[in-house]
Amino acid sequence: MAKEKKKQTAKGHLLSICFFTVIGVILGLAMISFVEWQLPEGIASSEKAYRICVMLVLLYLAFFIHIVLHEAGHLIFGLMSGYQFSSFRIGSFMLMKENGKLVHRKIKIAGTGGQCLMVPPEMENGKFPVVLYNLGGSIVNLVVAALMIPVFLAVDKSSIFALFFFLLIAMGVITGLSNGIPMRTNTIDNDGYNAISLGKSKEAMRAFWIQMKTNEQLTKGIRTKDMPEEWFEVPSDESMKNPMVATIGVYAASRLMDQHRFEEGGKLINHLLEIETGMVALHRNLLICDQIYLELIGQNRSDRVEELYTKELKKFMKAMKTFPSVIRLEYAYNLLEKHDQDAAAKSMETFERVAATYPYPNDINTERELMEIAAKVYAGEANV
């Protein structure tokens, strides 16, 4: 059964690659043809350079517009499905609802151009609406792309407006399909994959609901350790092959870290990293960060630390350099492995700078406590 599932997964990945290769070739050829219209022979080199720069700016603008439209689609279809607004993020810029008011915060998550988080309606018979919320972004991208086609056909093809409308169509198709067709990326699962994953079991549906309810509690200033215990019951190994359900295992480990139950947390993290799960790479790497931290404040075996501190993890940490738990690990590593107080002080400065605009203050409190524990271990005041 497991082999058959792997074959189906591999087949799905191959079909996705083939599909997007075809789409890329078609759009690429169309782009080349259109560029030839925009860059006719005989124009001066300076004019050609200017037009190329304009094209690149318009390409970025079209892509940015579709990121905003994509997240707006989640918002619109979420509201239509009975969800309530929680936060809206583009890049690292976030607007979130805090004490009934909209406030500006900053957070960057590798692999995402934006994110719209909402408070879900209550479950009825173990279910609540999920499909339109997840696919709303792709729907809006594709609808806007379709609406731009007659506009593009109506304008002068040699004008800058034609180029802009063409790029809006192309970026709409790319953004809509790349998020709507089920795929797993190096960091996260896309919307289409999530929609399918949720439809496979009530347990996955409940896991998705818990994830969004957890986010709601965080915006209210409630720490993970103080949330309902039943939300963090570790699923069975078999259940965690589902990506949504696997997230609950990750949340359970994070809660144990927040409660300073380090021995239990370490055992759970080791188990999650050893078994076959549907865990996304983002969560896997964050768990490895916690694994290294626990080694540093515990036995602190240099060979074990370096074994875990791989090039792949360093690349991930660089991409997530403003994420509080990543900064916490850097601080502990500089202090307990490198014995470099100056580097540790710089990590603390970065942490405080991030903390000033981070959307979840109680996450900051959790990480600050863990950094204080590392400092006490370094000073010989604590034995974990």
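This is a predicted model: local features need pLDDT of at least 70, side-chain atom pairs count only at pLDDT 80 or more; totals for chains, interfaces and linings use all residues.
Residues are numbered from 1 along each chain as its sequence is written, and side-chain values use heavy atoms, with hydrogens and water left out.

**Exercise 1.** Classify the aromatic pair formed by F152 and F166.

*Solution.* 
- Start with the rule: rings of Phe, Tyr and Trp (its six-membered ring) pair if their centres lie within 6.5 Å, and planes under 30 degrees apart count as stacked, over 60 as edge-to-face and the rest as tilted. The model has nine aromatic pairs by this rule.
- Next, take the values: F152 and F166 are 6.0 Å apart centre to centre, with 50° between the planes, and the pair is tilted.
- Then place the residues, remembering that helices (H or I, at least four residues) are DSSP runs, numbered from the N terminus. F152 belongs to helix 3 (residues 131–154) and F166 to helix 4 (residues 160–180), 14 residues apart.

**Exercise 2.** Explain why the pair of Y309 and Y333 is stacked, and find which parts it ties together.

*Solution.* 
- The ring centres of Y309 and Y333 are 4.4 Å apart and the planes meet at 15°, so this pair is stacked.
- Y309 lies in the loop between helix 10 (302–308) and helix 11 (311–319), while Y333 lies in helix 12 (residues 324–336), so the pair ties together parts that are 24 residues apart in sequence.
- Now check burial, where buried means under 20% relative accessible area, exposed over 50%, and partly exposed in between (1.4 Å probe, protein chains only). Y309 has a relative accessible area of 12%, so it is buried. Y333 is buried too, with a relative accessible area of 12%.

**Exercise 3.** Which residues of helix 13 are buried, and which exposed residues does the face turned away from them carry?

*Solution.* 
- List the buried residues of helix 13: A343, A344, S347, F351, V354 and A355.
- Look at their directions from the helix axis to the C-beta atoms. They cover an arc of only 120° around the axis, which puts them on the same side of helix 13.
- Turn to the face away from the buried side of helix 13: it carries the exposed residues Q341, D342, K346, E349 and R353.

How values were computed: Helices (H or I, at least four residues) and strands (E, at least two) are DSSP runs, numbered from the N terminus.
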